[in-house]
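Let's take a friendly walk through this structure, one region at a time. Keep the viewer open as you read.

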Amino acid sequence: MYKGIPALHESASNNYREENGRRTRRRGRAPVMEMEATGKSRGEWIFHGEFDRTVSYLSDQSKILGFNPFCHKVEKTAEENIFRWHFRVTDPQNNPFDVIFYVEQSEELLVELPEHLEGTDPDELTEEMIHIYTVGKKIRWHHHPPSQPVDDPKNYLFEGKAFADMDVRPMETDKTRVHFDLKIDVRFVLYPAFRIIPEQIIRAMTNAGMSMIMQTATNRMFHCIAKDFGHVHHA
């Protein structure tokens, strides 16, 4: 065993082995190590567009994710408010790397009650009160467990989990403020060259790199959206 190369322990199964306590799966003759990573992106933008139009636009996943350079396809499933996202990137060897997300979309009104009404049971609020004290709307994306397994590592296909909030609030005439906060969890294949690096370091590097790529894609997405609104800029 060469100095600096971690010991490899064959597991009882021919399909797995252990390396530094991390379980890997074999693909043909070479083992495949899977890791999980988390990426985040956020931002606040001013839309030069009326509130209702902005909400309706941002509720259209196919439209806005179509501006994301990594989004291959968005489909509505047979389940109500459940969507399937197909994202694709290429790895350093120019192989396609596919991630499938199942996402539930929901919307909720943002209501801010005056001090004398704080603590009021939501069921006791009248439609008029809700209309008066509504200050915006929140569009939410939340991971929805798929009905069938998605992961197929040997073909570079993995399940991702997406969570996002879009806080949309009207401003002065024909302007809307949007706060966007997105988190993505995904598994991926670790290349052999990186397996000698401690997992904690690899995870930190991967999370940071993934967040940087996601932030760039998010900025580009909102930049492209601006074409349909005349102007969208950072708050």
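The side chain of Thr 176 comes within 2.8 Å of the backbone oxygen of Gly 49. That side chain also reaches the backbone nitrogen of Phe 51, here at 3.3 Å. Please keep in mind that this is a predicted model.

Thr 176 belongs to strand S10, which covers residues 176-190. Is Thr 176 buried or exposed? Its relative accessibility is 0%, so Thr 176 counts as buried, the cut-off being under 20%. Setting aside neighbours within four places in sequence, its contacts include Trp 45, Ile 46, Phe 47, Gly 49, Glu 50, Phe 51 and Thr 54, and also Val 168, Arg 169, Pro 170 and Met 171.

Next, look at Gly 39, which lies in strand S4 (residues 30-47). With a relative accessible area of 0%, Gly 39 is buried. Which residues does Gly 39 touch, not counting those up to four places away in sequence? They are Leu 182, Lys 183, Ile 184, Asn 207, Met 210, Ser 211 and Met 214.

One of these, Lys 183, is 144 residues from Gly 39 along the chain, yet their C-alpha atoms are separated by 5.8 Å.

## Helix H4

Helix H4 takes in residues 199-229, 31 residues in total. At 1.5 Å a residue, H4 should span 45 Å, and its end C-alpha atoms are 44 Å apart, so the two values agree.

Several residues of H4 are buried, among them Ile 202, Met 210, Met 214, Ala 217, Met 221, Phe 222 and Ile 225.

## The S5–S6 hairpin

Strands S5 (residues 71-76) and S6 (residues 82-90) run antiparallel and are joined by five bridges. Cys 71, for example, has Phe 87 in S6 as its bridge partner. The two strands form a hairpin with five residues between them, and Asn 81 in the turn has a positive phi of about 65°.

## The largest nonpolar core

How many residues make up the largest nonpolar core? It has 44, and those with the most contacts inside it are Phe 47, Leu 58, Leu 65, Trp 85, Trp 141 and Ile 225.

Leaving out residues up to four places away in sequence, Trp 85 touches Leu 65 and Trp 141, along with Gln 61, Lys 73, Val 74, Val 99, Ile 100, Phe 101, Val 103 and Ala 162. Phe 47, also on that core list, is one of the contacts of Thr 176.

Definitions and conventions. Residues are numbered from 1 along each chain as its sequence is written. This is a predicted model: local features need pLDDT of at least 70, side-chain atom pairs count only at pLDDT 80 or more; totals for chains, interfaces and linings use all residues. Side-chain values use heavy atoms; hydrogens and water are left out. Helices (H or I, at least four residues) and strands (E, at least two) are DSSP runs, numbered from the N terminus. Buried means under 20% relative accessible area, exposed over 50%, partly exposed in between (1.4 Å probe, protein chains only). A polar contact is a pair of N or O atoms within 3.5 Å; within protein, one must be able to donate a hydrogen and the other to accept it, and residues adjacent in sequence count only if both atoms are side-chain atoms. Contact means heavy atoms within 4.5 Å. The expected span of a helix is 1.5 Å times one less than its number of residues. Two strands pair if DSSP finds at least two bridges between them. A nonpolar core is a set of buried Ala, Val, Leu, Ile, Met, Phe, Trp, Tyr and Cys residues joined through side-chain atoms within 4.5 Å.
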